[in-house]
Amino acid sequence: MTILQTERLRLEPFADHHFEGLHAIDSDPEVMRYISGKPDTREDTAAGIARVKARWAEWGYSWWAFIEKDSGQIIGSGCIQHLARDKANPLEIGWRLRRDRWHQGLASEAAQVMAAFAFDTLGTPQLCAVCHPDNKGSARVMQRLGMSYRGIERWYVMDTAVYEISRADWQIRTGS
């Protein structure tokens with residue numbers, strides 16, 4: 001399982017010891033407003049960690065806990081997974097942050113290293129991202145990654161704004 005590093009963050013594959021930090025984020029109604037529309041229960045968080053651990057074991061990628069290097073606290077999470085969790089679909093990048101860490105560039109910082117992992121390590125030809133059409137913050141992170149708006153599509157039981165970037169465009173953008 002791959003640990004990723006940025007200037008301010010260490011991204012660790014979900015593990016049981018991340019439970020309290022992840023649950024604190026995913027049980028916040030404001031964090032989950034555009035994701036599922038409702039806060040996660042403790043059971044939801046435990047089931048999510050178990051599912052993610054199985055995906056790491058099977059596929060070699062899934063969700064990471066974002067650990068702030070300065071504080072050692074879990075301040076978010078993010079993923080490289082298949083869109084709609086179906087291996088027939090392209091890879092998707094996603095993230096969420098604790099509310100007190102919004103608007104500090106941390107989502108963009110984590111997204112950069114996760115996208116690099118998807119393109120450079122996994123060799124994916126394309127990376128997608130989806131967000132609720134009203135989630136302007138996530139859409140800005142997608143745009144900062146160099147992703148282009150594709151349109152409104154139905155994913156995860158809701159209409160979502162879909163963004164994408166090809167491996168060729170990523171390589172031009174990053175010089176890799």
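This is a predicted model: local features need pLDDT of at least 70, side-chain atom pairs count only at pLDDT 80 or more; totals for chains, interfaces and linings use all residues.
Eight strands form an open sheet with mixed pairing, in the order 1-2-3-4-5-6-8-7. Its edges are strand 1 (4-5) and strand 7 (148-155), each of which pairs on one side only. Strand 7 is joined to strand 8 (residues 158-166) by seven bridges, and the two run in the antiparallel sense. Within this pairing, W155 has M158 of strand 8 as its bridge partner. Helix 4 (residues 106-121) packs on the sheet, where the strands it touches include strand 2 (9-13), strand 3 (63-68), strand 4 (74-82) and strand 6 (126-131). Strand 1, strand 5 (91-97) and strand 8 are also touched by helix 4, and the direction of the helix makes about 155° with that of strand 5.

Attention can now turn to charged side chains. In general, side chains of opposite charge can pair when their charged atoms come close. Across the whole structure, 13 salt bridges are found. One of them brings together the side chains of R8 and E109, with an N to O distance of 2.7 Å. This pair links distant parts of the chain: R8 sits in the loop between strand 1 and strand 2, whereas E109 belongs to helix 4, and 101 residues separate them. R8 is partly exposed, having a relative accessible area of 31%, while E109, at 17%, is buried.

Another salt bridge joins E68 and R101, at 2.8 Å from N to O. Here too, distant parts of the chain are linked, as E68 lies in strand 3 and R101 in the loop between strand 5 and helix 4, 33 residues apart. Both ends count as buried, E68 at 14% relative accessibility and R101 at 13%. D100 forms a salt bridge with R98, and the closest N and O atoms of that pair are 2.8 Å apart. D100 is partly exposed, with a relative accessible area of 44%, whereas R98 counts as buried at 19% relative accessibility. Through shared partners, salt bridges join E68, R98, D100 and R101 into one network.

Aromatic rings come next. The model holds six aromatic pairs. The rings of W56 and W64 are edge-to-face, because their centres are 5.3 Å apart and their planes stand at 80°. W56 and W64 are both buried. Ring pairs also bring in F117, so that W56, W64 and F117 are linked into a cluster. A further edge-to-face pair is made by Y149 and Y163, with ring centres 5.4 Å apart and planes at 65°. Y149 is partly exposed, with a relative accessible area of 48%, but Y163 counts as buried at 7% relative accessibility.

The cysteines complete the picture. The count of disulfides comes to zero. For C128, the closest cysteine sulfur is that of C79, and at 12 Å it is too far for a bond. The closest cysteine sulfur to that of C131 belongs to C128, and this distance of 12 Å is likewise too far for a bond. C128 counts as buried, at 0% relative accessibility, and C131 is buried too, at 6%.

Key: Residues are numbered from 1 along each chain as its sequence is written. Side-chain values use heavy atoms; hydrogens and water are left out. A disulfide is a pair of cysteine sulfur atoms within 2.5 Å. Buried means under 20% relative accessible area, exposed over 50%, partly exposed in between (1.4 Å probe, protein chains only). Two strands pair if DSSP finds at least two bridges between them. Helices (H or I, at least four residues) and strands (E, at least two) are DSSP runs, numbered from the N terminus. Contact means heavy atoms within 4.5 Å. Axes are lines fitted to C-alpha atoms, for helices over the stretch in contact, and angles run from 0 to 180 degrees between N-to-C directions. A salt bridge is a side-chain nitrogen of Lys or Arg within 4 Å of a carboxyl oxygen of Asp or Glu. Rings of Phe, Tyr and Trp (its six-membered ring) pair if their centres lie within 6.5 Å; planes under 30 degrees apart count as stacked, over 60 as edge-to-face and the rest as tilted.
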